[in-house]
Amino acid sequence: MLYRRKLPLALATIAIASISTTPLAAQDDAGVTDKDVLICSYQPMTGSVSSYFRMGKGADAWIKHVNEQGGINGRTIEFKMADDKYEPPRTADIVKRFVERNKCFAIVAPLGSAPTSAVIDYIVENKVPLIGAGTGADKNVYYKSRYVFPLYAPYDLEGTELVRFAKEVLKAKKIAVLYQNDPSGKSHMLGIEVGLKKFGVEMTVAEGYQPKELDVSSQVIKMKDSGADAVICSCAPEPAAKFYTERQKLGWKAPVVNVFFGKSPKVPELAGKEAVEGVYFATIYREWDDPAPQIQQAKALLKKYYPEEEPDAVHLWGFTGVQVFTEALKRMGKGPITRERLIETLEGIKNWKDSVVPNVNIEKMGPDDTAIKHLLVPGMSYVVYKGGNFQGFKAPWNE
Amino acid sequence: MFGQQVMSGLATGSLYALTAVAVVVVFRNTRVINLAQGDFAMIAAFLGIVFLKNFQLNYYLMLPLVILCSMLLGVLVERLVMRPIADTDWLTLFTATLGVYYILHGVAGWVWGRDTKAFPVTFDAKPISVFGTLVSEGHLFNMAWAVCIGLVLFLFFKYTKQGIAMRAVTDDPETAKLMGIPVRFIVLLTWAMAGFLAAFAGILLAPIVYVSPEMMDEVLVKGYVAAVFGGLYSIPGAILGALMIGVAENLAGGYLGAHYKTATAFAMIVVLLTFRPKGLFGIQARREI
């Protein structure tokens, strides 16, 4: 009897409780509390391409600064980084943990084409925003999802531009290519093929290398023997350094243009300044000695939080993703912090000039568009390594 | 192109040779495949940077100090890790070296950071022409060292008292013990020798592969393959195996495509072991792992 009388009461209580708690639960998404927002990032903290961990350090420096200033709208940012060694199977494990166990609100400023290609489907399926990933691989940049905000232009477009550079600046009729045998290198190759047809340049040989390859001598000998009069090096800093050392060893003088992700002070440091003298590098950021206050602020923050780091463009990749994220969070104000609102806010960022990127302009994606509409860093320029420094170089079509 | 590919392959092979020889030396006397051998060399390379940059020593003062530290590391590993489990089966010993590998990786990353570092260049970067092919001074130096060390070790094992004692321990530790050979000391000496070889490998390889906690990972794998190729007991076999793998990789890279480079080394070992299970020079049957 007692049971009969109390059951409806208990059910009613549960129903009321669930009704009253539902709106609260829906207010903020996973990873958000009243005090903080958890964002996550996978980085090659160790391994053969660990120099790219500068991206994580750049991002971390900005987050530390934001938190020191009191956070955003009363919330601090917890920035969780994990080491995937640039090994896609590890990245897959890490991202699964980020999403399912850590409940990360967004994945911000992670690094790598191959790692991102391995996890982007999973991230998007789980409706987690992926902001400012350091990848230009086709799959990641042309991804059909509102949740993806790529950092920079796809490598295929860069590949086409580099053929143009080889023809118009290096005066090449025949080029040889060294590329990383992974999604980044393959995307470059797609663009290079387009460029060859577009600019009437012949490719004598395209040699691949594995990211962990000990030496690239066999490839360089073959490239030299092919009679190419210029080289496109689609190489990360460490393999690029090996290439320049080998090229010097063979006394090969063919001019070289290197992709932007290989532009690093590590290259002359490892290969020796003489081996890199006169090499052109694509770049997507202003140089560190640019007087722009945003660049000088980034430089100061890097010095403050990572004093042992020599400022490098890769640090700025990290700054970009987190700066755009914190700006969006700021614009979201005191309202509920949800992933949907984050995406809407990000798509509303127009002509924003307060980050290390001169002008961030994120477009709204239509149903048939790809994530290229969400690019954080548009455009590309060039530098040349001369006399121990990277010096600005204006391509004729940029003047 | 053929000549240049062969010369560059020999240069690469000489990188593998020092590690291959060290793998053989330890295996001969302890029947342990030392997975930490590459990391001994990595620690030596980092120490080289410390002595050259922080203490501003010159190359010829740095080298003996690094050798000393590296030998000490070998001795410590033997005393602290391997000796307490010396009577266990080969799998336990093998796993222990894996543990040492991870510990040294972690310690190096913690102390010196994970970033790739340049080793102060000690050789002229300009190429030298040898038989119409080009080779760097550093690679030439490595090749010369690989041959010299191989020769010295061969003479050591053949003609010195300690070397002969080591061979006796290799053949039959129990009988060697009964004959009055201090087996424990010989094992200790073996690990010190592993440190000695690692010091050379680390210092010679550092300018070429650069310095990072992972710098020797690939070299260790190829060095191990070369050691197996040579028969695991033979020092000349290990050197020959290393040089053959280096040349085969380069020729495969040059004529078949870069993707076939690593596969070639493993294809070679599979083919060789199919027809000659004890490797090139592994003539005598011994207790196999």
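User: How many salt bridges does the structure hold over all chains?

Analyst: A salt bridge is counted when a side-chain nitrogen of Lys or Arg lies within 4 Å of a carboxyl oxygen of Asp or Glu. In this predicted model, the count over all chains is 22.

User: Where do A:Glu100 and A:Lys96 lie, given that they form a salt bridge?

Analyst: Both residues belong to helix 3 (residues 88–102) of chain A, and they are four residues apart, about one turn of the helix. A:Glu100 is partly exposed at 41% relative accessible area, and A:Lys96 is partly exposed at 42%.

User: Which parts of the chain does the pair A:Asp121 and A:Lys139 link?

Analyst: The side chains of A:Asp121 and A:Lys139 form a salt bridge with an N to O distance of 3.4 Å. This pair links distant parts of the chain, with A:Asp121 in helix 4 (residues 113–125) of chain A and A:Lys139 in helix 5 (residues 138–141) of chain A, 18 residues apart. A:Asp121 has a relative accessible area of 33% and is partly exposed; A:Lys139, at 37%, is also partly exposed.

User: What does the pair A:Glu340 and A:Arg146 tie together?

Analyst: The salt bridge between A:Glu340 and A:Arg146 has an N to O distance of 3.1 Å. A:Glu340 lies in helix 14 (residues 339–347) of chain A, whereas A:Arg146 lies in the loop between helix 5 and strand 5 (148–149) of chain A, so the pair ties together parts that are 194 residues apart in sequence. A:Glu340 is partly exposed at 34% relative accessibility, as is A:Arg146 at 27%.

User: Which residues are linked in a network of salt bridges?

Analyst: A:Arg54, A:Lys57, A:Glu309 and A:Asp312 are linked in such a network.

User: Turning to chain B, how many helices and strands does its secondary structure come to?

Analyst: Chain B comes to eleven helices and two strands. Their order from the N terminus is α-α-α-α-β-β-α-α-α-α-α-α-α. The radius of gyration of chain B is 19 Å, close to the 19 Å from the globule rule for 289 residues, so chain B is as compact as a globular protein of that length.

User: What share of the residues of chain B counts as buried?

Analyst: Residues under 20% relative accessible area are taken as buried, and 56% of the 289 residues of chain B count as such. Chain B exposes about 12500 Å², of which carbon and sulfur atoms supply 71%.

Notes
Residues are numbered from 1 along each chain as its sequence is written. Chains are lettered from A and ligands numbered from 1 in the order in which they are written. This is a predicted model: local features need pLDDT of at least 70, side-chain atom pairs count only at pLDDT 80 or more; totals for chains, interfaces and linings use all residues. Side-chain values use heavy atoms; hydrogens and water are left out. The radius of gyration is taken over C-alpha atoms; the globule rule is 2.2 Å times the number of residues to the power 0.38. Buried means under 20% relative accessible area, exposed over 50%, partly exposed in between (1.4 Å probe, protein chains only). Accessible areas come from the Shrake-Rupley method with a 1.4 Å probe; for residues, only the protein chains shown count as cover.
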